[in-house]
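Subject: Structure handover

Hello,

Here is the structure you asked to look at. My notes follow below it.

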Amino acid sequence: MTRRRLYLAMLVGWIALLLTLTSIPDPDFGRGFPGMDKLAHSGFYGVAGFLCALWRRESGRGAKGAAVFAAVLVVLLGAADEIHQQWIPGRSMELLDWAADVAGGVAGALSSLAAVSLFPALLTPENQSAPRALTD
């Protein structure tokens, strides 16, 4: 399996997990701290943004293009997920949840750029770009 396919499989699996979790009716996650749900939204979408950007980089996109693609994906996915939740008992559509999705997803996509700089082995050699990667 190529690394590109591996990243795509991981991304699809993560999105499937994310959508499965957000489809559970009347979830009871116990007591937490204020804002815990926003942190969870950010974290889950952060992983999605990270994996999406890596997949796009392995598909031959430059760093900037991969990050923008990942950001657009999480914006649309987060919006679709929030709209979908209005029909799930015990769930609701919330603008702040969507904002947390977007913030986490964008942070994840940008984190992938830093991760590749620190760990070049995340990408195959032909998809590793020179330091100008942040400006292409």
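How far does H4 reach from its first C-alpha to its last? H4 has 24 residues and spans 34 Å, close to the 34 Å expected at 1.5 Å a residue. The expected span is 1.5 Å times one less than the number of residues. Helices here are DSSP runs (H or I, at least four residues), numbered from the N terminus.

Before the rest, some ground rules. This is a predicted model, so local features need pLDDT of at least 70 and side-chain atom pairs count only at pLDDT 80 or more, while totals for chains, interfaces and linings use all residues. Residues are numbered from 1 along each chain as its sequence is written, and side-chain values use heavy atoms, with hydrogens and water left out.

**Confidence**

pLDDT is the predictor's confidence in each residue, from 0 to 100. The protein chain has a mean of 89, and 94% of its residues reach 70 or more. Watch residues 130–136: pLDDT stays under 50 there. For that stretch the model has 10 contacts beyond four places in sequence. Contact means heavy atoms within 4.5 Å.

**Core**

The largest nonpolar core has 20 residues. Such a core is a set of buried Ala, Val, Leu, Ile, Met, Phe, Trp, Tyr and Cys residues joined through side-chain atoms within 4.5 Å. Buried means under 20% relative accessible area, exposed over 50%, and partly exposed in between (1.4 Å probe, protein chains only). Leu11, Tyr45, Cys52, Leu54, Trp55, Ala70 and Ala109 have the most contacts inside this core. Helices H1 (3–21), H2 (36–58), H3 (63–85) and H4 (95–118) each supply at least two of its residues. H2 gives the most, with seven.

Leu54 touches Tyr7, Ser112, Val116, Leu122 and Leu123, not counting residues up to four places away in sequence. Back to H4: its buried residues pack against H2 and H3. Among them are Ala100, Val102, Gly104, Gly105, Gly108 and Leu113.

Ile15 sits in helix H1. Its relative accessible area is 17%, so Ile15 is buried. Beyond its neighbours within four places, Ile15 contacts Leu73 and Leu77. The C-alpha atoms of Ile15 and Val47 are 9.4 Å apart, though the two residues are 32 places apart along the chain.

**Charges**

How many salt bridges are there? The count comes to three. A salt bridge is a side-chain nitrogen of Lys or Arg within 4 Å of a carboxyl oxygen of Asp or Glu.

- Lys38 pairs with Asp37, with the closest N and O atoms 2.8 Å apart.
- Lys38 pairs with Glu94 at 3.5 Å, N to O. Lys38 is in H2 and Glu94 in the loop between H3 and H4, so the pair ties together parts 56 residues apart in sequence.
- Lys38 pairs with Asp97 at 2.7 Å, N to O. Asp97 is in H4, so this pair ties together parts 59 residues apart in sequence.

Shared partners join Asp37, Lys38, Glu94 and Asp97 into one network. Lys38 is partly exposed at 22%, and Glu94 is partly exposed at 32%. Asp97 is buried, at 4% relative accessibility.

Arg56, in helix H2, is buried yet has no salt bridge. The nearest side chain of opposite charge, Glu58, is 11 Å away. Lys and Arg count as positive, Asp and Glu as negative; His and the chain ends are not counted.

Best regards
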